[in-house]
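Please keep the 3D view open while you read my comments.

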Amino acid sequence: IDRGVLPALVEDLLELSRLESGERPPRWEPVQPAELAEDALASFARQAERRGTSLRHEDHGAPSVVSDSERLVRILGNLVDNAIDAAAGTAVGGAAE
């Protein structure tokens, strides 16, 4: 396991425990999904480049939603990280959209 993965898994499990116990209830607020997606892609741009993967985001005018932005950012980050891993496994590099 990659050294960075194990601490992230532990933190995810701790966060799940906090959620289930009610220790840290969701912080509901209006968020713009497109902005959070752009931020997630930007935070993984270097990793994607090192792996020979391009990242692209298209904003189709998604409306704001009520969500816990911190947790949504974590979810998007996990999805982007998984997409980079999957795309990097292709023979010619790849793209994650």
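Here are my numbered points.

1. A word on the model. It is predicted, so local features need pLDDT of at least 70 and side-chain atom pairs count only at pLDDT 80 or more, while totals for chains, interfaces and linings use all residues. Residues are numbered from 1 along each chain as its sequence is written, and side-chain values use heavy atoms, with hydrogens and water left out.

2. The overall layout. The protein chain has 4 helices and 4 strands, in the order α-β-α-α-β-β-α-β from the N terminus. Here helices (H or I, at least four residues) and strands (E, at least two) are DSSP runs, numbered from the N terminus.

3. Helix α1. Why should this helix span 24 Å? Helix α1 (residues 5-21) has 17 residues at 1.5 Å a residue, and its end C-alpha atoms are 24 Å apart, which agrees; the expected span is 1.5 Å times one less than the number of residues. After α1 comes Gly22, with a positive phi near 85°.

4. The core. Val31, Leu36, Ala40, Leu41, Phe44, Ala48, Leu76, Val80 and Ile84 form the largest nonpolar core. Such a core is a set of buried Ala, Val, Leu, Ile, Met, Phe, Trp, Tyr and Cys residues joined through side-chain atoms within 4.5 Å. Both α2 (33-43) and α4 (69-88) supply at least two of its residues.

5. Burial. Of the 97 residues in the protein chain, 23% are buried, meaning under 20% relative accessible area (1.4 Å probe, protein chains only).

6. Contacts. Leaving aside neighbours within four places in sequence, Ile84 is in contact (heavy atoms within 4.5 Å) with residues including Phe44, Ala48 and Leu55.

Technical notes:
Buried means under 20% relative accessible area, exposed over 50%, partly exposed in between (1.4 Å probe, protein chains only).
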